[in-house]
Amino acid sequence: MNKLKPLIFSVLLVSMYSCGGEVDDTAQKKQQIQEYKQEIKDLQSKVKALEQEVAQADPNYAAADRNATLVTTIPVKQETFRHFVEVRGEVTSRQNVTISAQVPAMVNRVPATKGQVVRKGEVLVVQDAETIRTNIAEVQTSLELAETRFKRQSNLWDQNIGSEFQFLEAKNAKESLERKLSTLNAQLNDYIIRAPFSGTIDEVFVKEGEMAQPGVPMVRLVSMNDMYIEADISETYLGQFKKGDSVEVVLPSLNEEINTTISAVGQVINQNNRTFTIEVKIPSSENKLKPNMLAELRLKDFEKSDAFVVPTNLIQSDNQGDFVYVAVQESGTDKFVADKKHIQRGKTYNNETMVKTGLSGDERIIDQGFRNVAEGVNVRITDNNQSLNASAL
């Protein structure tokens, strides 16, 4: 077979040389490629038939080749290896609040509607405050009389008429009613629920005629101007992340990915799940995000340049540790054997593992067929683009 291979390639080279200068048209070249492939296929069939004939006449002929395990190989990759911590987080708004009543009273009007955009200070709900208004009217009437009395008493006091006690009594009565009126007006404001900040009405929980109680939600107000992503990180990684570190964020519901940075790192460990919290900044351009939206975060905790990297699934273990099989050419021949290379593995990410020691970088790692070989076994390397028979994997 070894003598026939040069013959095959010689025939192909002669054919390509003789036709290369004559054919310029792309379609004709494609046709020639198909013809050459067919010639190779025919020659391989002839070689196989001759090998079978020779093997019958000489049983020892190419026995090693026939018994060799068919494998594919891949080179050891030398590249920058990065390891990421992947966690889940949620989009959160600092201005996402439920607003409740400050005093128990019936709801008279509900100007707020779901989806409405409101400004800070805009009226959302009005409660019945008739009792307060009546008290205000009474106090205002009393205050008018007290002001008149104080004015007259002040004029008499300026003329040294009357006693100081009468002047101070009139002044105190006026000022007391002024304070009472101010208090009642402040209480009246408690019956008018206003927006604490500009935002969007997400939900309205009350209707006109219902009784509102302190602590019971009436309206949910959300602002999209101050949102961030919050996630819990295992305490194992404490000290490995800091403010300003880059973060890759995947938003599954939007099928989008954004690059941002850490805006804050918590300093307290949660006793329940042994985690600390990080906050991730949301770029102002990302206006499609909603509170409570799921986010997947990738935070880089390790990077090494010029690292040796191999597929994780090719690493096996024995009583000496981890190893991979490599194809080694026997000296002075064109034959290859499987060699076991023990390695010290580093971090693993995305089905790839960094190798700390054990490889020099010029090895050919046995890929397909690696489970069917053992140390010292003859192997026959085929094209990596050709899938091996399932029984050989």
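Let me begin with a term: pLDDT is the predictor's confidence in each residue, on a scale from 0 to 100. Contact, in turn, means heavy atoms within 4.5 Å. With these terms, consider residues 387-393, where pLDDT stays under 50 and the model has 14 contacts beyond four places in sequence. Over residues 16-20 pLDDT likewise stays under 50, and there the model has three contacts beyond four places in sequence. Where pLDDT is low, the predicted coordinates should not be read in detail.

This is a predicted model, in which local features need pLDDT of at least 70 and side-chain atom pairs count only at pLDDT 80 or more, while totals for chains, interfaces and linings use all residues. Residues are numbered from 1 along each chain as its sequence is written, and side-chain values use heavy atoms, with hydrogens and water left out.

For the protein chain, the mean pLDDT is 83, and 87% of the residues reach 70 or more. Helices (H or I, at least four residues) and strands (E, at least two) are DSSP runs, numbered from the N terminus. Among these elements, the lowest mean pLDDT, 47, belongs to helix α1 (residues 4-20), and the highest, 95, to strand β20 (residues 352-357).

I turn now to the salt bridges. By this I mean a side-chain nitrogen of Lys or Arg within 4 Å of a carboxyl oxygen of Asp or Glu. How many salt bridges does the rule give? The count comes to 14.

One of them joins the side chains of E352 and K77, at 2.3 Å from N to O. Because E352 lies in strand β20 and K77 in strand β3 (residues 77-93), the pair ties together parts that are 275 residues apart in sequence. On accessibility, buried means under 20% relative accessible area, exposed over 50%, and partly exposed in between, with a 1.4 Å probe and protein chains only. E352 is partly exposed at 22%, and K77 is partly exposed at 33%. Both residues also belong to a network of salt bridges that links K77, E79 and E352.

A further salt bridge connects D318 and K340, whose closest N and O atoms are 3.2 Å apart. D318 is in strand β17 (residues 316-318) and K340 in strand β19 (residues 336-349), so this pair ties together parts 22 residues apart in sequence. D318 is partly exposed at 25% relative accessibility, as is K340 at 21%.

D301 is found in strand β16 (residues 294-311). Leaving aside residues up to four places away in sequence, D301 touches H83, F84, V85, Y237, Q240, F241 and K347.

Finally, an open sheet of four strands has the order β8-β7-β5-β10, with antiparallel pairing. At its edges stand β8 (192-194) and β10 (211-212), each with a single partner strand, so one side of each is left without a neighbour in the sheet. Two strands pair if DSSP finds at least two bridges between them. Two bridges join β5 (residues 105-109) to β7 (residues 123-127), and V107 has Q127 in β7 as its bridge partner.
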